[in-house]
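Have your viewer ready and follow along section by section.

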Amino acid sequence: MYTPHTPDDIQAMLDVIGAPSLATLSDPPRGLKIKQRLDVAPSRSESEVYADIARMADLNDGARMVSFLGAGAYRHYRPPAAAWFATRSEFLTAYTPYQAEASQGSLQAIFEWQTYMCLLTGMDVSNASVYDGSTAMVEGVIMAAHAEGSKRIAISQAVHPLYRRTLQTYADGMGFEIVELPCGAGGRTALPEKLDGSFAALVMQSPNFFGCIEEVDRAARLAHDNGALLIHVATEALSLAVLKTPRELGADIAVGEAQSFGLPVGYGGPYVGYVSTTRDHVRRLPGRLVGQTTDSGGRRAFVLTLQGREQHIRRELATSNICTNQALCALIATAYLATVGAKGLRAIAAANLQRARALASAIEKLPGYERAHDAPFFNEFVIRTPVAAAELAQRLQRAGVLAGVPLSRFYPAMTHALLVCATEVTSDADIDRFTRALAEEGERAVAAV
Amino acid sequence: MSLPTDRLYTKEHEWVKIDGATAVVGITDHAQSSLGDIVYVELPKPGASVIRSKAMGVVESVKAVSDIFAPVSGTIAEINGGVQDDPATVNRDPFGDGWLVKIATASGEAREALLDADAYQRVVDEERH
Amino acid sequence: MPSLLFERGAAGRGSAFVADAGAPERYLDAAHVRGELPIPDLTELEVARHFTELSHRNFNVDLNFYPLGSCTMKYNPKVNEAVANFPGFTELHPLAPDGAAQGALELLWRMQRELSSLFGMETFSLMPAAGAHGELTAMLMARKYFKERGEADRITCIVPDTAHGTNPASAAMVGYQVVSVPSTPRGHTDLRALRDRLDSSIAVCMMTNPNTLGLFEDEIVEMTQAVHDAGGLMYYDGANANAIVGLCRPGDMGFDLMHLNLHKTFSVPHGGGGPGSGPVGASRRLAPYLPTPLVERTADGSFALAESVPRSIGAVRAFWTHFLAVVRAYAYIAAHGAEGLAQNSRLAVLNANYVRVKIKDLLSVPYDDFCRHEFVCSAERLKKETGVRALDLAKGLLDAGIHAPTMYWPHVVPECLMIEPTETESRDTLDEFVETIRLLVDRAHADPEAVKALPQKTPVHRVDEALVGRLANKGIGLRWEPQGPRGSST
């Protein structure tokens, strides 16, 4: 199919090699030949493969339904220009830019991505990307642990539950101790007056999982007063366009998820994580870094640098084991940021603020429903529901609406709470349909009593 | 570059010049040449104690990273801020301005593992083959 | 020379893309709102020219041959791109209920089964985002497995001296002490040396087969047996799977855990450094420790994300998988079937041997037996005779529009070049490659200084890595810095 060899080619090449057959070269030794029939469908033509996969894509009703799902993955408008340029063959089929002379396109694009993330977070340095926001948070924690010489980490329960689960998995294997700070009734972290001096870091997400904007500056003072670093996490990178930067708020390390910058929700990935920090911690950054230099002719050039931190040189003493990162996704995000610019990014962020408030006020008009928290929010918030939110969401799904995330999925005690998200693509008609369905379910609940 | 005979050497390519209770330590010309352009030097803090043949710092070049091992035990009396600001000094003048640390060491500290210039030269020659 | 985005643009250029909603201060207290957003406003034409110009400064498989050992830079079929871009996939939210995601779950379930069968494992998790991520996942599983057996004092990880750097890095991340085992003069991992290093502290032995010298480990079954006898686990680094898919299986060799690189063996594009996908396979013994959730088929035939992996390590990332990368790999497998994949492996091995035999009189080939999908050669003799090194040859290839092979690894071979043509390259391309090497070697003898100055035809020539390294260690030079007032960028 994609191999060019004719039978004549094969024979001629075998003659050059001096082997009688392909089998001589490639057969496994002794008893390792595969004996059983493999559970793999027989090969099919391209058109058949295309049709079969199209069939599976069509089965995903969720891709077509009106959706109020957020919680770490966000449906935004993706200007076609961004992907158009970023997914050219020259970027898509390129290798890791280890050979600087052959990779200035990729290297400059990564340098621009690093710059964008610094400008958005207020930090001095940002790396070439990591897998996603959750592993970015883990890498930030590891950086802080090395910096402070401690493996004790304090993290708010209002950080995304799947991010915390990921951190716990790594922590179990790496000997870290994770202590969770509870969330208050107002939807924000209940920060203690003091923090034990043994913590390397305090991890806060803002806007948090419930959509609330946290008092990050207060958390930063608490951390610093007690000898810990403040790690800021953002799952919705668009919020960086309007909220005070992590740096301004006192964060030492800013990490998060930039999927909102032009990447589809794509059933979970690939996304793109960012890890940024101040100059002091540059050597602790995981993964690749692109720096600016000159070539032998005095031209500006970009090159991978500080590779002494990385696995291919430092091996077991590397700052992280990461090798392949999310280069193309970072490029798409860079092209998105270039395409929308400051003007577009602020407008889109404002639209998110506006649509989420339109949704909130429409819902608050419904008897039995109300916003759970008073705290300021970006584009997500929690509503209290008159019936169990999980059941409510199921019924709305049958009515063609993805209602949001029932919090009981992650916080079992919160049975009557639903996390909803509205972005710039949430129309009035969508809100209308949602609120009519919610109203029906609310009435049904009253009637049933 | 010919090997200075006013000091001793280690198999890990450090040199150490002992003057009473102070040992000045650096890496050899062979070491800097193998590493290539040095971009970063990580040194222990003054006051830190170091143990003979244990790693006490790192020299990093564009393509490689190398531990610096303490040739004698003791306490760090002084570090060379100059090489931290300008790591290229180690390449340019490994036996002079490129010194790394001064260790306050107990006199009578074991010297058997240290090599004289000839013995170190033999180590280098063997490595080359 | 292309400008940076931050050197272009002017305030107010471009579009808003959405209906005007006013300023953020309308919705949020000013105390929460940031000041100026210092990113450039560009017209779409400026963006178009910028990225198009950058694209012209990039090697890529669709233009250039990449004989990169251990990377498997094969052709990336475009039908895979098309199916991965179906809106039914791209617009599906990971938290969509299972009932609304049946197509995605079916694809993932089939993929889990097909990979398990192809590689002789009980099941696969598609969660890890890349090979190194998969390695780490497996190390976490091994650690938990031993802890639950009361054998947490097993802290040694054995790795051949030819291993990829991520192997010891991943092992070290979970606290394993890495012990290296040497290779024999014929280039195989030394079974006796391995046995010598096995004691009651062994947790995991990480190997790849064929190894990074491109040689099949003939004693692999003895090795897995020896490690098992000592109470340890065997981990298979799937980076070299392109030599064995459809022909033999790590599970049959005795491996307990493994990872794959979908962006190597299964034609998912490299994207300039990612995204990849690094599924992890486990034998029956280790399957209960896989990350959660896995995809299951329920009694009524429907598919579901099941958080029921009995002793799962947890999750190694927030969401389930690099779904859009898995779709591409699925399409690749669907097109080929098991026999097609096996034939790809055979042709990959054919291509590597062909280049090996033809390059022998130019560069020394230390392990001159039949290789598998890759082989190593050395520029040591050339260096002694002319001063021209592997690095210089690599740069010379760039001038001819051929990407350099993998260099200076494994460390056991001096002035090493690791060459993996892959099966999608034609004999003509391979002949041209060898001919280019011949010209370079000739030139090295005639005029070594000229070769050391290569490349000359690429957009930039050799770069000053020391300069940037020194600045970068101080946190400088890793981003554009504003010079002063300029458009929207201060």
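Within β6(B), Glu60(B) is the bridge partner of Tyr40(B). Strands here are DSSP runs of E with at least two residues, helices are runs of H or I with at least four residues, and both are numbered from the N terminus. Two strands count as paired if DSSP finds at least two bridges between them. By that rule β4(B) and strand β6 (residues 55-61) of chain B are joined by 4 bridges and run antiparallel.

These strands belong to an open sheet of 3 strands in chain B, ordered β4-β6-β7 with antiparallel pairing. Its edges are β4 (38-42) and β7 (65-69) of chain B, each pairing on one side only. On average, neighbouring strands of this sheet are turned by 20° against each other, direction ignored; the axes are lines fitted to C-alpha atoms (for helices, over the stretch in contact), and angles between N-to-C directions run from 0 to 180 degrees.

A word on conventions: this is a predicted model, in which local features need pLDDT of at least 70 and side-chain atom pairs count only at pLDDT 80 or more, while totals for chains, interfaces and linings use all residues. Residues are numbered from 1 along each chain as its sequence is written, and chains are lettered from A and ligands numbered from 1 in the order in which they are written.

## The six-stranded sheet of chain B

Chain B also has an open sheet of 6 strands, in the order β1-β2-β3-β9-β8-β5 and with antiparallel pairing. At the edges sit β1 (8-9) and β5 (49-50) of chain B, each of which pairs on one side only.

Inside this sheet, strand β2 (residues 14-19) and strand β3 (residues 22-27) of chain B run antiparallel and are joined by 6 bridges. Asp19(B) has Thr22(B) in β3(B) as its bridge partner.

## Chain C as a whole

Chain C holds 15 helices and 12 strands. Its C-alpha trace spans about 70 × 70 × 45 Å along the principal axes. Buried residues make up 63% of the 490, where buried means 20 or more other C-beta atoms within 10 Å of the residue's own, exposed means 12 or fewer, and partly exposed lies in between, with C-beta atoms placed from the backbone.

An automatic or database assignment sets the domain bounds, giving domain 1 (1-57 + 465-490), domain 2 (80-335) and domain 3 (338-464) of chain C. The centres of domain 1 and domain 3 of chain C, taken over C-alpha atoms, are 40 Å apart.

## Where chains A and C meet

Contact means that the C-beta atoms of two residues, placed from the backbone, lie within 7 Å. On that basis, 178 residues of chain C are in contact with 167 residues of chain A. Helix α10 (residues 323-359) of chain C gives the largest share of the chain C side, 22 residues.

Arg279(A) lies in the loop between β8 (273-277) and β9 (289-294) of chain A. Beyond its neighbours within four places in sequence, Arg279(A) is in contact with Asp124(A), Val125(A), Lys474(C) and Gly475(C). Arg279(A) is partly exposed, with 13 other C-beta atoms within 10 Å.
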